[in-house]
Amino acid sequence: MPRLYPAVPAATPAVCGAPRAHGRVRGVPTLLIVHHTPSPHCQALFEAVVSGATTPEIEGVRVIRRAALSATAADVLEADGYLLGTPANLGYMSGALKHFFDQIYYPCLDETRGRPFGYYVHGGNDVTGAVRAIEAVTTGLGWRRAADAVTVTGEPGKAGTQACWELGATVAAGLMPGA
Ligand SMILES: Cc1cc2nc3c(=O)[nH]c(=O)nc-3n(C[C@H](O)[C@H](O)[C@H](O)COP(=O)(O)O)c2cc1C
């Protein structure tokens with residue numbers, strides 16, 4: 001019997017930045033991390049999310065990460081759940097994440113309803129507007145929040161990175177086969 005799709009060992013969570021995956025890997029749930037990461041503090045949170053999502057206890061989940069300015073509707077359609085990360089900018093989500101949503105909203109509206117997601121926001125002192133904006137657009141898409149939002153201002157510290165680690169682990173664990 002010829003193999004119709006690539007086998008991915010269940011115990012090996014793959015983290016892919018590039019090259020792009022081509023098509024859904026049948027039977028392997030995929031978590032797409034879409035992030036805008038313009039500073040070391042944002043990078044620390046992003047790395048914590050990736051670390052949580054790929055912790056060895058989570059088996060059989062493929063993790064793809066994409067910068068918000070390069071993520072496509074195809075990436076979204078091919079994934080089963082989403083993690084979003086952004087700084088707060090001018091009382092809103094970053095322009096990069098807004099651009100991502102602008103691009104994918106209608107192409108993904110019908111097919112991604114009900115899928116789980118989580119998000120983190122980093123800011124200087126007030127992330128309220130960014131949180132409101134992300135809640136609004138994900139409500140419009142009909143995505144289901146699978147973990148509490150993580151918001152961090154200033155230096156992330158251990159509590160901030162731990163919260164992001166747990167965010168990544170929680171959303172990824174929800175995609176595990178049989179979860
Ligand atoms: C143009 C601009 C607008 C910003 N607007 C906000 C804002 O509305 N609320 C906020 O909490 N932080 C705001 N910030 C701070 C960023 O969120 C912060 O710089 C980013 O999360 C990276 O964190 P860091 O500078 O501590 O590394 C803004 C930063 C810039 C450059």
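Colleague: What is the largest nonpolar core, and which residues have the most contacts inside it?

Modeller: The largest nonpolar core has 51 residues, and those with the most contacts inside it are Leu31, Ile33, Val49, Ala53, Leu83, Cys164 and Ala172. The term denotes buried Ala, Val, Leu, Ile, Met, Phe, Trp, Tyr and Cys residues joined through C-beta atoms within 7 Å. The model is predicted: local features need pLDDT of at least 70 and side-chain atom pairs count only at pLDDT 80 or more, while totals for chains, interfaces and linings use all residues. Residues are numbered from 1 along each chain as its sequence is written.

Colleague: With which residues is Leu83 in contact, leaving aside its neighbours within four places in sequence?

Modeller: Leu83 is in contact (C-beta atoms, placed from the backbone, within 7 Å) with Leu31, Ile33, Val49, Ala53, Phe117, Gly118, Tyr119, Gly168 and Val171.

Colleague: Why is Leu90 called exposed?

Modeller: A residue is buried if 20 or more other C-beta atoms lie within 10 Å of its own, exposed if 12 or fewer, and partly exposed in between. Leu90 has 9 C-beta neighbours inside 10 Å, so Leu90 counts as exposed. Leu90 is found in the loop between β4 and β5, and its C-alpha is 8.6 Å from that of Ala130, 40 residues apart in sequence.

Colleague: Why is strand β3 described as largely enclosed by the rest of the structure?

Modeller: Of the 6 residues of β3 (residues 62-67), 5 are buried, and the strand is therefore largely enclosed by the rest of the structure. Strands (E, at least two residues) and helices (H or I, at least four) are DSSP runs, numbered from the N terminus.

Colleague: Which strand is joined to β3, and by how many bridges?

Modeller: Strand β2 (residues 30-35) is joined to β3 by 6 bridges and runs parallel to it; two strands pair if DSSP finds at least two bridges between them. Thr30 has Arg62 as its bridge partner in β3. From β2 the chain crosses through α1 to β3, in a right-handed β-α-β crossover: with the strands pointing away from the viewer, the path from the first strand over the helix to the second runs clockwise.

Colleague: In which sense do β6 and β8 pair?

Modeller: Strand β6 (residues 116-123) and β8 pair in the parallel sense over 4 bridges, which meets the cut-off of at least two. His122 has Val152 as its bridge partner in β8. The covered face of β8 (residues 150-153) holds Val150 and Val152, and the uncovered face Thr151 and Thr153.

Conventions:
Two residues are in contact if their C-beta atoms, placed from the backbone, lie within 7 Å.
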